[in-house]
Amino acid sequence: MAGAKKLYIKTYGCQMNVYDSERMAEAMGGAGYVETDSPDDADMILLNTCHIREKAAEKVYSELGRFRTLKDDKPDLKIGVAGCVAQAEGEEIMRRQPLVDLVVGPQSYHRLPQMEAQTRRGAKALDTDFPLDDKFEALKSRGPKARRGPTAFLTVQEGCDKFCAFCVVPYTRGAEVSRPAARILDEARDLVDRGVREITLLGQNVNAYHGPGPDGTDWSLARLIWALDGIDGLERIRFTTSHPNDMTDDLIEAHGTCSKLMPYLHLPVQSGSDRILKRMNRKHTAEEYLRLIERIRAARPDILMSGDFIVGFPEETEQDFQDTMDLIEEVKYGYAFSFKYSTRPGTPAAERDQLDEDVKSDRLQRLQARITHHQRAVQDAMVGRTVGVLFEKPGRLPGQMVGKSEYLHAVHVADAGLAPGDLAQVTITESGSNSLGGRLATEDGATAAE
Ligand code: 5AD
Ligand code: SF4
């Protein structure tokens with residue numbers, strides 16, 4: 001496009017930020033911007049930030065400092081900060097870093113084009129409101145429909161009312177809000193028309209989804225999944241992130257009966273100690289979590305479980321930590337994310353006595369070793385099995401294609417004439433450090449000759 005201005009977006013943190021960045025890029029497309037991969041030739045730089053742990057916020061400040069020379073060379077360059085750091089520290093960012101022209105919180109993204117126009121008139125723009133309008137409706141792209149890759153995220157629910165004692169999300173993303181089901185279904189159909197075959201439904205508390213359905217009743221996440229299941233051309237459905245207390249019976253049942261719903265569930269528990277779970281305000285015990293997983297596995301025996309863990313939460317003793325290790329031993333996660341507790345200003349746990357950094361680091365190391373052990377075992381056990389793979393992109397070797405199995409493992413296949421978007425049965429033949437290798441299986445399940 002002749003004369004188009006260039007927008008560079010850098011995204012930190014979770015998948016919801018990835019989704020939001022795509023929406024912001026589309027909205028700015030309407031204001032004459034095209035995306036660029038490099039900050040050097042940009043007319044506007046937008047950092048979409050994450051506030052979940054300390055380091056994430058500090059990274060933003062150091063990144064901003066690096067843009068100084070760019071702005072010296074190009075005074076018209078506009079620099080914006082979006083996301084959860086913007087929401088939590090908007091005014092402080094403006095004060096601390098005069099390079100910043102614009103600060104926009106996650107609930108105000110639809111106002112971005114007007115805010116950009118304001119910066120072009122030489123003013124600073126800050127918006128961290130929680131307006132009631134439907135942000136996603138306003139952000140919808142009205143321009144030409146670009147082709148998409150085979151997988152996409154779709155936000156269905158935002159915010160959180162749970163107030164876990166360590167977490168900033170209820171403050172940065174606000175109260176729980178579910179989007180109307182009809183709008184989600186429209187967006188899903190549009191994605192499928194543009195080439196998408198797998199959709200991951202996103203929400204900070206996605207299984208608490210309770211959006212208004214087209215029939216006038218409130219739909220659960222399971223009801224929404226069944227409606228998506230009816231979309232021709234959509235082959236796979238995933239959702240993340242869930243809270244154990246919102247794993248309803250209909251959702252557990254869907255894992256057993258809905259063939260498009262993939263056998264992978266991210267269900268964070270954070271700790272295996274009842275004492276710490278209580279102090280975290282998680283509102284369930286370790287035993288309740290384990291019984292829940294039993295029920296999920298009864299519905300879908302091969303489901304791959306994934307989780308999040310925090311070590312070194314205030315008052316965590318060695319015994320509490322051992323309880324977490326025992327829970328990990330029992331669940332045998334196929335995947336897990338683990339973090340040292342990070343003090344977040346404004347959250348209840350920030351006021352409590354903190355553990356030494358050394359203790360946290362030592363526990364994290366031991367926990368990660370245990371998780372890696374299980375992760376490996378689960379991945380290695382795939383060898384010899386035939387699994388569905390959705391291919392996404394060429395691999396590193398000529399002719400190689402890489403995709404994801406139903407269980408979210410990366411799988412590569414050599415020289416089989418595959419294209420992105422192809423879905424094929426693959427017999428797994430090897431388990432590498434970060435991915436699986438395999439060969440296309442024939443119709444009857446035997447492996448095709450190489
Ligand atoms: N410190 C460390 N980890 C945290 N998480 C959320 N808040 C904190 C914190 N203050 C982790 C939790 C959550 C994941 C998204 O990030 O494990 O599930
Ligand atoms: Fe944060 Fe998740 Fe707890 Fe909500 S449920 S407060 S998003 S950890």
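Helices and strands here are DSSP runs, numbered from the N terminus. A residue counts as near a ligand if one of its heavy atoms lies within 4 Å of it. The model is predicted.

The residues around ligand 1 are Ile-52, Arg-53, Phe-166, Gln-270, Asp-308, Ile-310, Phe-339, Lys-340, Tyr-341, Ser-342 and Arg-344. By class, the shell divides into five nonpolar, two polar and four charged residues.

Specific atoms of the protein approach ligand 1. A polar side-chain atom of Gln-270 lies 2.6 Å from an oxygen atom of the ligand. For Asp-308, a polar side-chain atom likewise lies 2.6 Å from an oxygen atom of ligand 1. The contact from Phe-166 comes from the backbone: an N or O atom there lies 3.0 Å from a nitrogen atom of the ligand. Taken alone, ligand 1 exposes 400 Å², and the protein buries 86% of that.

Ligand 2 has its own shell. Surrounding ligand 2 are Cys-160, Lys-162, Phe-163, Cys-164, Phe-166, Cys-167, Val-169, Pro-170, Asn-205, His-243 and Arg-282. This shell divides into seven nonpolar, two polar and two charged residues. Phe-166 is listed around ligand 1 and also around ligand 2.

The structure holds five aromatic pairs. One of them joins Phe-309 and Tyr-333: the ring centres are 5.3 Å apart and the planes meet at 85 degrees, so the pair is edge-to-face. This pair links distant parts of the chain, 24 residues apart. Phe-309 sits in strand E13, whereas Tyr-333 sits in the loop between helix H13 (318–331) and E14. Phe-309 and Tyr-333 are both buried.

Another pair involves Phe-313 and Tyr-341. Their ring centres lie 5.4 Å apart with planes at 75 degrees, so this pair is edge-to-face. Phe-313 belongs to the loop between E13 and H13, and Tyr-341 to the loop between E14 and helix H14 (357–380), so the pair ties together parts that are 28 residues apart in sequence. Phe-313 is buried, as is Tyr-341. Ring pairs also link Phe-166, Phe-313 and Tyr-341 into a cluster. Two members of that cluster, Phe-166 and Tyr-341, are among the residues around ligand 1.

Helix H13 contains another residue of note, Phe-321. Its relative accessibility is 0%; buried means under 20%, so Phe-321 counts as buried. Phe-321 and Ser-431 are 110 residues apart along the chain, and their C-alpha atoms are separated by 31 Å.

E15 and strand E18 (residues 423–431) pair in the antiparallel sense over five bridges. Within this pairing, Thr-386 stands opposite Thr-427 of E18. E15 also pairs with strand E16 (residues 401–405), again in the antiparallel sense and over five bridges. Here Val-389 has Ser-405 of E16 as its bridge partner. E15 and E16 form a hairpin with six residues between the strands. In that hairpin, Gly-399 takes a positive phi near 80 degrees.

Technical notes:
Residues numbered from 1 in each chain as written. Chains lettered and ligands numbered in written order. Predicted model: local features only at pLDDT ≥ 70, side-chain atom pairs only at ≥ 80, totals over all residues. Heavy atoms only, no water. Polar contact = N/O pair within 3.5 Å; in protein donor to acceptor, adjacent residues only side chain to side chain. Areas by Shrake-Rupley, 256 points an atom, 1.4 Å probe, with all protein chains shown as cover. Nonpolar A, V, L, I, M, F, W, Y, C, P; charged D, E, K, R; others polar. Pairing = 2+ DSSP bridges. Helix = DSSP H or I, 4+ residues; strand = E, 2+ residues; numbered from the N terminus. Phe/Tyr/Trp six-rings, centres within 6.5 Å; stacked < 30°, edge-to-face > 60°. Buried < 20%, exposed > 50% of the residue type's maximum accessible area, 1.4 Å probe, protein only.
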